[in-house]
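Colleague: I would like to learn how to read the charged pairs and the contact surfaces in a model like this one. Could you walk me through them?

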Amino acid sequence: MASAAQTLGRYRTAAAVVGALAVIPLVPGLNSSYVLHMFILMLMWSVIGMAWNLLGGYCGQVSFGHAAFFGLGAYTGGILYYHLGWSAWWGLPVGMVVVTLGALGVGYICLRLRGPYFALGTLAMGEVLRVTAENLEWLTEGTRGIMLETRTWVAKEPFYYVILAIAVASFAVLEVMVRSKWGYYFVAIREDQDAAESLGIDTTLYKTIALVVSAVLTGVAGAFYTCYMGYIDPEIVFALHDVSIVTIMVVMVGGVATRWGPLVGAVIMILLSEVVRTLPYIGRAHQTLFGILLIVIIIFLPNGVVGDFRKMIRFFLGRSKPAGAGGV
Amino acid sequence: MLKVNGIDVFYGDVQVLWDVSFHVGEGEVVALIGANGAGKSTTLRTISGLLRPRKGTVEFLGERLDQIPPYRIIELGLAHVPEARRLFPEMTVEENLEMGALKPAAKARRAESLERVYARFPRLKERRRQLAGTLSGGEQQMLAIGRGLMSLPRMILFDEPSLGLAPLLVEEVFNVVNDIRRDGVTVLIVEQNVRQTLAVADRAYVLETGRIVREGTGSELLDDEEVRKAYLGV
């Protein structure tokens, strides 16, 4: 239980971060279309990372299939636009319903599996949805994808504030959940599911709650993606590597089960992929480099940049003290 | 109070328990003893609902435990102190204890129970803010027992509470078992430490390769020639 001073400090940090992010489009030099695009992607990935972190970080159910929920959200907006002529923004609220149903389906099948089997189950679910979306051409237009004729705004600023609002809302929802008794139940399930069950926690119920909330936030990010990018196809939004794996990398790099890990991880990953892609010759091999990065992170910073922050500082300031476990 | 009627339990296709039956009366301390792999832990896991019998029933106060989900069993007043402690290592001592008092009746009296546990185990009070994973083996066992007591149980299942502990701590564990019995809580204890277990148990059952092969009072079994030869090495 945090003391009053800690509580104040926590929200002061959060308020400062939100304040700084809110003025970015007004800062000369940062308000170019390109830089804002980077920031929009960072915020979108931080939402997906925070969502994954609830299920994988706190509840210990590692999903390799979050593309399933991202894609469901993205396609809900796309299909409403393409077939019914609605604004793709309806993908946000309607997508929440669709993704909830999807997550209950995935949960029914996968949540009875544990550890690596759960991970493999979700991986399979993501791929099943990708192949389904490719072949259900009457609904999804298959691999041709769905393109929005016009996007709502030409400027980046409105999109930036929409995704900032989504990120702040996601952060708040997760903060409340993780600090509540549910948060303790999630951690108990992560640490020892049988012990949690025998202490009277309905582990199936709480795992389902974590999965659904995680999936819905990911789906909202997916629906936003459709509105922002204006084009989706199954290879993009149901991608195993470019969505499911990158989601895990964002959280691993930033710090699993830390409050700021997903945001920090998203910033690092987006910057890194921009830099790597512009490198001559090896730019094409960015997936290889990401794989190497992941291995390095797992070996040297198992708690991520946020979780092992002190360890990193010590490393760069000279190794005067032995490296200990990083605080969360 | 607890009745196990002819259960057959399997791991996949492998049968581990054959027609195991026994009972525990209110206020008794009953022990289940046997060598490694005899099926002791399997029996406890079946009672607490983590495994389901393919045949037979498990009844607690007239309720069929084998038909309700495991998280509801604790609401009936049956707590489980699992093998190897099974604490939540990244939670503090106090948080671990609080996780023991989730059912509404126990939650209402949580502060009081916490004081009782701290009075019985002063070490836990000293270390209340410490992560459970950083405690010594003996302290972890005390914490696991304390967590079990937090649910205000009518009966406690102990799975190998003396496992891996120094002799002095083993003695302390059995003292705690005695205290718990004096408070009117029924105890079913599974142990490999046969001599000390039989000394505190009212009655005991001997499990061998998944079958109950002997039963009797603690002192009867301590005097039993076969038991002495097989488990006490005399």
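Colleague: Which residues are linked in a network of salt bridges?

Modeller: The general idea comes first: side chains of opposite charge can pair when their charged atoms come close. The rule for a salt bridge asks for a side-chain nitrogen of Lys or Arg within 4 Å of a carboxyl oxygen of Asp or Glu. In this predicted model, A:Arg114, A:Asp192, A:Asp194, B:Arg45 and B:Arg86 are linked in such a network.

Colleague: How should I read the numbering and the cut-offs behind it?

Modeller: Residues are numbered from 1 along each chain as its sequence is written, while chains are lettered from A and ligands numbered from 1 in the order in which they are written. This is a predicted model, where local features need pLDDT of at least 70, side-chain atom pairs count only at pLDDT 80 or more, and totals for chains, interfaces and linings use all residues, with side-chain values based on heavy atoms and hydrogens and water left out.

Colleague: Which side chains does A:Asp194 meet across the chains, and where do the partners sit?

Modeller: One partner is B:Arg45, whose side chain meets that of A:Asp194 in a salt bridge at 3.6 Å, N to O. That pair crosses between chains, with B:Arg45 in helix 1 (residues 40-47) of chain B and A:Asp194 in helix 9 (residues 193-198) of chain A. Helices here are DSSP runs of H or I with at least four residues, strands are E runs of at least two, and both are numbered from the N terminus. Another partner is B:Arg86, which also forms a salt bridge with A:Asp194 at 3.6 Å, N to O.

Colleague: Is A:Asp194 buried or exposed?

Modeller: Buried means under 20% relative accessible area, exposed means over 50%, and partly exposed is in between (1.4 Å probe, protein chains only). A:Asp194 has 11% relative accessibility and counts as buried, whereas B:Arg45 is partly exposed at 23%.

Colleague: How do I read the interface between chain B and chain A as a whole?

Modeller: Start with contact, which means heavy atoms within 4.5 Å. Here 19 residues of chain B and 18 residues of chain A take part. Next comes buried area, the accessible area (1.4 Å probe) that two parts lose on being put together, summed over both. For chain B and chain A that is about 1800 Å², with carbon and sulfur atoms giving 62%.

Colleague: How many salt bridges and polar contacts are found between chain B and chain A?

Modeller: The rule finds three salt bridges across this interface. A polar contact is a pair of N or O atoms within 3.5 Å; within protein, one must be able to donate a hydrogen and the other to accept it, and residues adjacent in sequence count only if both atoms are side-chain atoms. Five residue pairs are in polar contact between chain B and chain A (both at pLDDT 80 or more). On the side of chain B that touches chain A, the elements giving two or more residues are helix 2 (70-73) and helix 3 (93-99) of chain B. Helix 3 of chain B provides the largest share, three residues. That side of chain B divides into ten nonpolar, two polar and seven charged residues. In this scheme Ala, Val, Leu, Ile, Met, Phe, Trp, Tyr, Cys and Pro count as nonpolar, Asp, Glu, Lys and Arg as charged, and the others, Gly among them, as polar.

Colleague: What about salt bridges inside one chain?

Modeller: Over all chains the structure holds 30 salt bridges. In one of them, the side chains of A:Glu127 and A:Arg130 meet at 2.8 Å, N to O. These two are three residues apart in helix 5 (residues 116-135) of chain A, so about one helical turn separates them. A:Glu127 is partly exposed at 22% relative accessibility, and A:Arg130 is buried at 16%.

Colleague: Which other residue forms a salt bridge with A:Arg130?

Modeller: A:Glu235 does, with the closest N and O atoms 3.7 Å apart. A:Arg130 lies in helix 5 and A:Glu235 in helix 11 (residues 234-237) of chain A, so the pair ties together parts that are 105 residues apart in sequence. A:Glu235 is partly exposed, with a relative accessible area of 48%.
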